[in-house]
Amino acid sequence: MSKIHASAIIHDGAELASDVEIGPFCVIGEHVSIGAGTRLEAHVVVDGHTQIGKNNRIYSFSSIGCAPQDKKYAGEPTRLVIGDGNTIFQNVTISTGTAQDDGVTMIGDDNWIMAYVHIAHDCKIGSHTIFANNTTLAGHVHIGDWVILGGFTTVHQFCKIAPHAMTAFTAAVAQDVPPFVMAAGNRAVPNGINSEGLKRRGFSSEQITHIKRAYKMLYRQGLPFAEAKAAIETQVTEQPELQAFLDFFAQSTRGIIR
C-alpha cells in the first residue's frame with residue numbers, strides 16, 4: 001500500500017505505484033509517474049512530464065522535473081526520465097529537456113546525487129555516478145557511467161565526461177574529459193588517471209598500466225593530438241581497454257581537455 005502523507009498534494013493525473021511513499025508537504029504534478037519502491041521525503045516537488053523508476057529515494061526540498069532555465073523554453077511538453085535505484089539528496093534541482101535538443105533529460109540507475117546539485121536541461125547521465133555537493137551541470141552535458149564529480153565542480157554546456165573519469169574539488173570543466181582521466185583546476189586540465197577507481201571496478205593491474213601509458217602518449221610526451229591518437233590506435237588490438245579512448249575521441253564535440 002502507498003504511504004502518502006495527508007499534507008501531500010498529488011494531481012489526479014499522476015501515476016504512482018502501489019507502494020510509493022510520499023512524505024509531508026510534497027507536490028506531485030499531473031504528468032508524473034513514479035515506480036515501485038520509490039520514496040520521497042518531506043517537501044519534494046515533482047513536476048513536468050517526469051518519469052521516475054523503481055527504488056529511488058529523493059530527499060527534502062528537491063525540485064525534480066522543473067522547467068528548463070532557458071529563455072527559449074516556451075512550455076513545450078519536454079521530459080525528464082530517471083531510472084532505478086538513485087539517491088537524490090536535499091535541494092537538488094533537475095530540469096526537463098528543451099525542444100532545441102531531443103527534449104529529454106535522462107538519468108540512469110544507481111546514481112548518488114548529493115545536496116545542492118543542479119542538472120540542467122537535456123543532460124544525459126549514465127549509471128553508477130557520484131556527484132558531490134554543489135556540482136552544477138549546464139545544459140546538454142553528457143556524463144558517462146562510473147564518473148565521479150568532486151564538490152563544486154562546474155561543467156560547461158555541451159561538454160562530455162567519459163566513463164570512469166573523475167574531477168577534483170572546484171574543477172571548472174570547459175572541454176570534454178576522456179575516459180579514465182582525472183581533471184582538476186579552473187579551467188580543468190588533465191591530472192593523471194583515476195587508478196583507484198579502476199581498481200575498485202575490477203580493472204587488472206595490467207589494464208591500468210596500459211591506460212597509464214596511453215595517458216602519457218596523450219598528455220606527457222608532447223605529441224600533437226593526431227599523433228597521440230594514432231599511437232593509441234596501434235595498440236588497441238592487444239590492449240582492447242584503450243578502445244574507450246578512440247570511441248570517445250570520435251564523439252567529442254568541444255575538444256578534449258589539454
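Which strand is the place of Val104? The close-ups below take this residue first, then the domains, then a helix pair. The model is predicted.

**View 1. Val104 in strand 15.** Val104 has its place in strand 15, which spans residues 104–107. Its relative accessibility is 7%, so Val104 counts as buried; the cut-off for buried is under 20%. Beyond its neighbours within four places in sequence, Val104 is in contact with Arg79, Val81, Gly97, Asp122, Cys123 and Lys124.

**View 2. Val104 and Tyr73.** These two residues, Val104 and Tyr73, are 31 residues apart along the chain. Their C-alpha atoms are separated by 13 Å.

**View 3. Domain 1 and domain 2.** The domain assignment gives domain 1 as 3–140 and domain 2 as 198–251. Between the C-alpha centres of domain 1 and domain 2 the separation is 36 Å.

**View 4. Packing of helix 3 on helix 4.** Two packed helices are described by the angle between their axes and the distance between the axes. Helix 3 covers residues 225–233 and helix 4 covers residues 243–251. They pack at an angle of about 140°, and their axes are 9 Å apart. Helix 3 and helix 4 are therefore oblique to each other. The crossing of helix 3 and helix 4 is left-handed.

**View 5. Contact residues of helix 3 and helix 4.** Helix 3 contributes Phe225, Lys229, Ile232 and Glu233 to the contact. From helix 4 come Phe245, Leu246 and Phe249. By class, the residues of this contact of helix 3 with helix 4 divide into 5 nonpolar and 2 charged, with no polar ones.

Technical notes. Residues numbered from 1 in each chain as written. Predicted model: local features only at pLDDT ≥ 70, side-chain atom pairs only at ≥ 80, totals over all residues. Heavy atoms only, no water. Axes fitted to C-alpha atoms, helices over the stretch in contact; angles between N-to-C directions. Helix = DSSP H or I, 4+ residues; strand = E, 2+ residues; numbered from the N terminus. Parallel < 35°, antiparallel > 145°, perpendicular 65-115°, else oblique. Left-handed = near helix turned anticlockwise from the far one by under 90°. Contact = heavy atoms within 4.5 Å. Nonpolar A, V, L, I, M, F, W, Y, C, P; charged D, E, K, R; others polar. Domains from an automatic or database assignment. Buried < 20%, exposed > 50% of the residue type's maximum accessible area, 1.4 Å probe, protein only.
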